[in-house]
Amino acid sequence: MREIFAAAGCDDEEAARVAEHLVEANLTGHDSHGVVRVPLYIDWMRAGFVRAGQSARVVTDGGAFAVLDGHRGFGQTIAVQAVELGIERARQHGTCIVAVRNAGHIGRVGTYAEAAVRAGLVAIHFVNVAGSALVAPFGGIERRFSTAPFAVGVPLPERPVVLDFATSLVAEGKVQVASYGGKPLPPDALISQDGRTSADPRVLYGEYGPADLRRPDNGTGAIRAFGEHKGSGLALMCELLAGALTGGGGSGPSDGVPRGITNGMLSVYLSPSHFGTREEFERVGRSYLDWVLSSRPIDPTSPVLAPGDVEQLTRAARLTDGIPLPPDTWAAIRRTAAAVGAP
Ligand code: NAD
């Protein structure tokens, strides 16, 4: 993967960063945000929708908060820089809010919450995808929201908690994975123009051949927001905070000129040490978590898990067994490699 990004014009450091992020997403079980994205990223790069070699530029610096512009740089570069700034400032002030706009696709948001947790911080991330309305609001049929992910990381001793999900019933990448013959979608994941629920990726992408890039512009249906009116409300908040407040824009239609997508992210970093409650927070938080997890499971072979556990378990299994990829995904990556001249 690194060689593909390097051949396409990323310097070695960025090529490695993007490749590592994607493989890490596969390792944690989020194949939707893994190497299946390589052909699309290269396609976006060639179209000028995402740019190699960019750095986040500071638009406003308020000390305890900052607004950054990613100028369509690779999201894995821009978001990493934004998180580094947030961590550094929260260590200084006890809290920091970082608004990022115009980042290329930042991938799996949990990665950024995990970085903050490793630094001993709580992190809350509201994210939207400007230029990518794919999700119908509660009670509606037409696309209005992006898949607008939300993530929270909490540093508890030995068992950090990382909640990270799209506010759509499934992440768009999961529709992609299903379209390539991977894990099928839940039966009510999508909604077609006539208001019926569906699991058929063609509702979102229209007709496609095995080698075709999946383009939501070709489809007429939508993904459904998760959690009925509550999930739909959270999606709206992600759009308002990560899209409107950051200045990155909402998921709505632009002026009809294709521009690809960008991520906006509003992140809040909190340092329990500065709050003076770190010890108590860890003691009470950890014992409370243990109590939650001790709830008698419905299925005795399947214990109650904390957010973040599935990812850790999958990482351990995949580091041993490898990452399974559907043949179509691998074939698409090989074609992309050949197209950019990577060996
Ligand atoms: P998902 O539905 O798999 O939910 C994942 C969350 O649920 C994790 O916190 C996980 O630990 C938790 N979880 C899963 N099973 C659990 C269980 N049995 N008990 C307790 N907790 C459990 O995630 P998703 O909505 O498909 O999102 C996948 C990824 O897509 C996320 O990493 C998200 O950040 C990413 N995403 C990114 C963008 C973007 O524009 N960059 C957009 C949408 C989604």
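1. The charged end of R214 sits over the ring of Y180, at 3.9 Å from the ring centre. A second contact of this kind involves R202, whose charged end lies over the ring of Y208, 4.6 Å from its centre. Both descriptions refer to a predicted model.

2. In one of them, the ring centres of Y41 and W44 are 5.9 Å apart and the planes stand at 25 degrees, so the pair is stacked; the cut-off for stacking is under 30 degrees. Y41 and W44 both belong to helix α3 (residues 38–47), where they are three residues apart, about one turn of the helix.

3. The accessibility of these two residues deserves a separate remark. Y41 has 1% relative accessibility and therefore counts as buried. W44, at 15% relative accessibility, also counts as buried, because the limit for that class is under 20%. Ring pairs connect Y41 and W44 with F5 and F74 in a cluster.

4. As to the sheets, seven strands form an open sheet in the order β1-β2-β3-β11-β4-β6-β7, and the pairing is mixed. Its edge strands are β1 (57–61) and β7 (161–166), each of which pairs on one side only. From one strand to the next, the twist averages 15 degrees.

5. At the β7 edge of this sheet, strand β6 (residues 149–154) and β7 run antiparallel and are joined by six bridges. Within this pairing, A151 stands opposite D164 in β7.

6. A further open sheet consists of four strands in the order β5-β10-β8-β9, again with mixed pairing. Here the edge strands are β5 (135–136) and β9 (197–198), and each pairs on one side only. Strand β8 (residues 190–191) pairs with β9 in the antiparallel sense over two bridges. Opposite I191 stands T197 in β9.

7. The last point concerns helix packing. Two packed helices are described by the angle between their axes and the distance between the axes. The axes of helix α4 (residues 75–93) and helix α5 (residues 110–118) come within 10 Å and cross at roughly 30 degrees. That angle makes α4 roughly parallel to α5, because angles under 35 degrees fall in that class. The crossing of α4 and α5 is right-handed.

Definitions and conventions:
Residues are numbered from 1 along each chain as its sequence is written. This is a predicted model: local features need pLDDT of at least 70, side-chain atom pairs count only at pLDDT 80 or more; totals for chains, interfaces and linings use all residues. Side-chain values use heavy atoms; hydrogens and water are left out. Two strands pair if DSSP finds at least two bridges between them. Rings of Phe, Tyr and Trp (its six-membered ring) pair if their centres lie within 6.5 Å; planes under 30 degrees apart count as stacked, over 60 as edge-to-face and the rest as tilted. Buried means under 20% relative accessible area, exposed over 50%, partly exposed in between (1.4 Å probe, protein chains only). A charge sits over a ring if NZ of Lys or CZ of Arg is within 6 Å of the ring centre and within 35 degrees of the ring normal. Axes are lines fitted to C-alpha atoms, for helices over the stretch in contact, and angles run from 0 to 180 degrees between N-to-C directions. Angles under 35 degrees count as roughly parallel, over 145 as roughly antiparallel, 65 to 115 as roughly perpendicular and the rest as oblique. A crossing is left-handed if the near helix is turned anticlockwise from the far one by less than a right angle, and right-handed if clockwise.
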